[in-house]
Amino acid sequence: MSKRDLKKYLNELNKEQLEGQIIELYDKFSNVKVYYDFVFNPNEEKLVKEAKIKIANEYFPVKGKKSKMRRSVAQKFIKHYISIGVDVFIIADLMLYNIEIAQTFSAEKTIKQELFFKSMLTSFQQAVSFLIEHGIFNEFQSRVVAINDETNHQNWSNQHEFNAVMERFE
């Protein structure tokens, strides 16, 4: 069904029928429930705090377990927050926080997995692209520069690729 057909169909329904369909969608699909819960109670600070705790726990587990260092945890939050319409500044903050906490971890522990550095580069590229795409790069430029400087300071194996990302946007 095209968007045009959907609009035509919805125009034919009365208010009670529309309400019934929305309630049915709310009950049937968890994504719809999450969306409406966010729309009517957009507690973005709470969402970000929860996400940052879970991301930090990937590197510095509270329960004394081994660090998992999974980039996918942060990516899941970022993708979800984009889908429900969280403010772009909050999403950008979370994207950069993910890299910053990983750098804090790598400053304390030697990391031998090359995949870690590759995934952080991917996160960095995506974050910088997101900032530019939404016209907010200047507001986060100091953090982006600090991340790049830290890769050089820690002598990451792919620091030159981080530098190349920065050079493209200067």
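Colleague: Does Val 144 count as buried or exposed, or what would you call it?
Modeller: Keep in mind that this is a predicted model. The cut-off for buried is under 20% relative accessible area. Val 144 has a relative accessibility of 0%, so it counts as buried.

Colleague: Which residues is Val 144 in contact with, leaving aside neighbours within four places in sequence?
Modeller: Val 144 sits in helix α8. With the neighbours within four places set aside, the contacts of Val 144 are Leu 96, Phe 124, Val 128, Leu 131, Phe 137 and Met 166.

Colleague: Against which helices do the buried residues of α7 pack?
Modeller: Helix α7 runs over residues 114-133. Its buried residues include Phe 124, Val 128 and Leu 131, and those three also touch Val 144, a residue of α8. The buried residues of α7 pack against α4, α5, α6, α8 and α9.

Colleague: How many Å does helix α7 reach from its first C-alpha to its last?
Modeller: Helix α7 has 20 residues, and at 1.5 Å a residue the expected span is 28 Å. The model comes out close to that, with a reach of 29 Å.

Colleague: With which side chain does the side chain of Gln 159 make a polar contact?
Modeller: Gln 159 is part of helix α9, and at 11% relative accessibility it counts as buried. Not counting residues up to four places away in sequence, it touches Thr 151 and Asn 152. The polar contact, at 2.7 Å, is with the side chain of Asn 155.

Colleague: Phi of Asn 155 is near what value?
Modeller: Asn 155 is in the loop between α8 and α9 and is exposed, with a relative accessible area of 55%. Most residues other than glycine have a negative phi. Asn 155 has a positive one, near 55°.

Colleague: Where does Met 69 lie?
Modeller: Met 69 has a positive phi of about 55°, although it is not a glycine. Its relative accessibility is 19%, so it counts as buried. As for its place, Met 69 lies in the loop between α4 and α5.

Colleague: Which elements give two or more residues to the lining of the largest pocket?
Modeller: The largest pocket holds about 310 Å³ of space. It is lined by 13 residues, and nearest its centre are Val 34, Leu 47, Glu 50, His 80 and Tyr 81. The elements giving two or more residues to that lining are α3, α4 and α5.

Colleague: And the second largest pocket, how many charged residues does its lining have?
Modeller: The second largest pocket has a volume of about 170 Å³. Among its lining residues are Glu 58, Lys 63, Lys 65 and Arg 70. By class, the lining has two nonpolar and two polar residues, and the number of charged ones is six.

Note on methods
Residues are numbered from 1 along each chain as its sequence is written. This is a predicted model: local features need pLDDT of at least 70, side-chain atom pairs count only at pLDDT 80 or more; totals for chains, interfaces and linings use all residues. Side-chain values use heavy atoms; hydrogens and water are left out. On a 1 Å grid over the protein atoms alone, a cavity is a set of points where a 1.4 Å probe fits but cannot get out, and a pocket is an open set with protein on both sides within 12 Å along at least five of seven lines; lining residues have an atom within 4 Å of a point. Grid points are joined across faces, edges and corners, and a volume is the space filled by probe spheres set on the points. Helices (H or I, at least four residues) and strands (E, at least two) are DSSP runs, numbered from the N terminus. Ala, Val, Leu, Ile, Met, Phe, Trp, Tyr, Cys and Pro count as nonpolar, Asp, Glu, Lys and Arg as charged, and the others, Gly among them, as polar. Buried means under 20% relative accessible area, exposed over 50%, partly exposed in between (1.4 Å probe, protein chains only). A polar contact is a pair of N or O atoms within 3.5 Å; within protein, one must be able to donate a hydrogen and the other to accept it, and residues adjacent in sequence count only if both atoms are side-chain atoms. Contact means heavy atoms within 4.5 Å. The expected span of a helix is 1.5 Å times one less than its number of residues.
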